[in-house]
Amino acid sequence: MNVAQAMAAILKKEGVELLFCYPSNKVIDEAALLGIRPIVVRQERTGLHMADAYSRLSSGRKIGVFAMQHGPGAENSYGSVAQAYADSVPVLVIPQGYPQRVAGIKPNFSSAVSMRDISKSAEALGIPAEVTNIMRRAFSQVRNGRGGPVIVEVPNDLWAAELPEPENYTPVSVSRYGPDPDDVAKAADIIIAAANPVIHAGQGVHYAQAWEELKELAELIAAPVATTLPGKSSFPEDHPLSLGSGGLTYPIPVKTFLDAADVIIGIGCSFTETLFAVPVPTGKRIVHLTLDPAHLNKDVFAEIGVIGDAKLALRALIGELRARSFSSAKGAENAARIKQARDAWLAEWMPKLTSDEAPLSPYRIIWELMQATKDERTIITNDAGRPRDQLTPFWISREPLSFIGWGKTTQLGYGLGIAMGAKLACPDRLCINVWGDAAIGFTGMDIETAARERIPILTILFNNGGMATELKNMPSAIKLYDAHRISGNYCDMARAFGAYAERIAEPQEIAAAIARGIAKTKEGQPVLLEFITAQETAMSKL
């Protein structure tokens with residue numbers, strides 16, 4: 001048995017079913033022989049994005065794996081590894097490396113060295129017989145603790161190296177850890193004393209699958225719940241205590257209730273200061289339940305930190321509160337306040353959400369998409385820029401993991417791979433990506449991947465013929481050189497790649513086009529619906 005065969009056998013034992021990849025990398029062929037399906041993409045970024053979503057949709061129970069060639073393949077992957085690192089997504093990345101003889105000579109790229117700052121761990125195989133130990137460490141890192149990309153680089157000349165004995169590998173165990181009871185008691189003290197507590201929930205709730213516990217705590221203490229973008233759908237947004245999700249834009253009740261809170265309870269979140277999160281108001285008492293102690297007091301001061309898996313921490317906190325016979329009687333009152341604030345906010349936006357103007361309002365398209373998918377089991381994501389800012393405040397997520405949100409670093413073109421990875425993880429769901437004409441310019445070639453690999457996703461494209469976000473950012477460049485203009489007939493491009501595509505310009509055509517698109521995905525065909533929109537700059541934020 002050689003190194004490539006041993007590594008493929010380990011992937012198989014760890015339950016890997018799909019290998020997202022771009023050749024050449026010797027593990028691809030050996031994995032295929034063991035029944036691991038290769039998904040070959042048109043560029044490395046998209047493959048890693050697909051692996052990213054594949055991990056997210058199982059809360060890290062199934063790990064997305066990406067393999068690529070050395071040199072340019074590894075270099076092209078850097079941005080997507082950085083994205084997974086920023087969003088704490090557990091993925092295993094297997095870059096081929098340069099032959100050992102020239103591996104350390106400039107300008108040859110070393111993934112194990114260059115990706116160390118954007119990965120949870122990074123190792124290069126140096127001794128063939130160590131492949132089992134390295135893979136054991138890699139899977140232990142990717143399955144335990146806070147998520148992140150794990151790098152295992154294999155020099156090109158070691159794939160065929162024979163091992164001194166047959167591969168002998170046992171899959172790693174998954175270990176969760178829970179909080180200190182004293183910290184739980186202190187957190188309960190603060191919550192019981194709170195007049196207006198608000199919960200701030202992040203994606204740690206998804207990875208711990210602590211959805212029911214989050215709901216139980218919210219109802220027990222009658223706390224309104226806001227989620228981060230990565231945490232969106234961790235709490236049902238049709239629940240009377242839901243405020244919605246906060247990013248660069250947000251439903252206005254998110255910020256108003258956070259501002260009015262005396263205690264903010266962070267659950268499964270990092271409180272990272274970023275443009276793509278609602279700022280945590282100062283002067284609040286903070287209770288922070290987090291898996292990673294490195295997040296405590298990083299960007300906000302926490303009066304008490306409760307370290308551990310979100311499910312275990314929530315169970316402990318709920319148990320402590322119930323042991324003290326505590327429950328709040330303010331549930332109906334807070335629900336009424338939330339409804340009043342939400343109704344007032346939505347009333348202000350209904351003219352845009354129901355606009356009959358042409359070019360189309362992107363908000364009208366979002367509204368029609370919401371109506372069309374009410375009876376569908378849906379997973380939706382967005383791309384960077386205006387599609388994210390327009391979609392996330394208004395989209396109502398009712399089931400866990402039905403919205404794939406992301407932030408901190410936001411690469412254009414990310415949403416396409418995320419939607420494809422989601423569809424492969426959950427083939428029974430309608431998987432949707434909402435993106436713009438800037439984003440499709442980055443990864444649009446991988447529509448061909450969706451067609452070739454039979455991944456029937458629905459992509460909603462806002463084509464406003466330019467970069468609306470930049471209208472205020474580079475006025476001289478726009479005035480002198482029309483620098484914001486980008487254009488194309490993306491419908492024709494998608495058809496050429498084998499997808500079903502339509503171009504829609506009139507408001508009365510929106511609903512029927514979406515219905516046809518959904519029907520085509522059920523027939524097994526990827527769909528691009530290209531909507532000709534206005535350069536909308538209005539955003540829901542204070």
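This note comments on helix packing and nonpolar cores in a predicted model.

1. Helix H1 (residues 3-13) and helix H2 (residues 26-33) have axes that come within 8 Å and cross at roughly 55°. The two helices are therefore oblique to each other. The crossing in which H1 passes H2 is right-handed.

2. On the H1 side, this contact is made by Ala4, Gln5, Met7, Ala8 and Leu11, and on the H2 side by Lys26, Val27, Glu30 and Ala31. Sorted by class, the contact of H1 with H2 has six nonpolar residues, one polar residue and two charged residues.

3. H1 also packs against helix H7 (residues 131-143): their axes come within 10 Å and cross at roughly 30°. H1 passes H7 in a right-handed crossing. Val3, Ala6, Met7, Ile10 and Leu11 of H1 meet Val131, Thr132, Met135 and Phe139 of H7. By class, this contact of H1 with H7 comprises eight nonpolar residues, one polar residue and no charged residues.

4. The largest nonpolar core has 111 residues, and Ile199 and Ile221 have the most contacts inside it. Helix H16 (residues 414-425) gives the most to this core, contributing seven residues.

5. Which residues are in contact with Ile199, leaving aside its neighbours within four places in sequence? They are Leu214, Leu217, Ala218, Ile221, Ala223, Pro224, Val225, Ala226, Ile265 and Ile267.

6. A second, separate core has 35 residues, among them Leu11, Val27, Ile36 and Ala161. Leu11 of H1 and Val27 of H2 also take part in the contact between those helices, and Leu11 is one of the H1 residues that meet H7.

Conventions: Residues are numbered from 1 along each chain as its sequence is written. This is a predicted model: local features need pLDDT of at least 70, side-chain atom pairs count only at pLDDT 80 or more; totals for chains, interfaces and linings use all residues. Side-chain values use heavy atoms; hydrogens and water are left out. Axes are lines fitted to C-alpha atoms, for helices over the stretch in contact, and angles run from 0 to 180 degrees between N-to-C directions. Helices (H or I, at least four residues) and strands (E, at least two) are DSSP runs, numbered from the N terminus. Angles under 35 degrees count as roughly parallel, over 145 as roughly antiparallel, 65 to 115 as roughly perpendicular and the rest as oblique. A crossing is left-handed if the near helix is turned anticlockwise from the far one by less than a right angle, and right-handed if clockwise. Contact means heavy atoms within 4.5 Å. Ala, Val, Leu, Ile, Met, Phe, Trp, Tyr, Cys and Pro count as nonpolar, Asp, Glu, Lys and Arg as charged, and the others, Gly among them, as polar. A nonpolar core is a set of buried Ala, Val, Leu, Ile, Met, Phe, Trp, Tyr and Cys residues joined through side-chain atoms within 4.5 Å. Buried means under 20% relative accessible area, exposed over 50%, partly exposed in between (1.4 Å probe, protein chains only).
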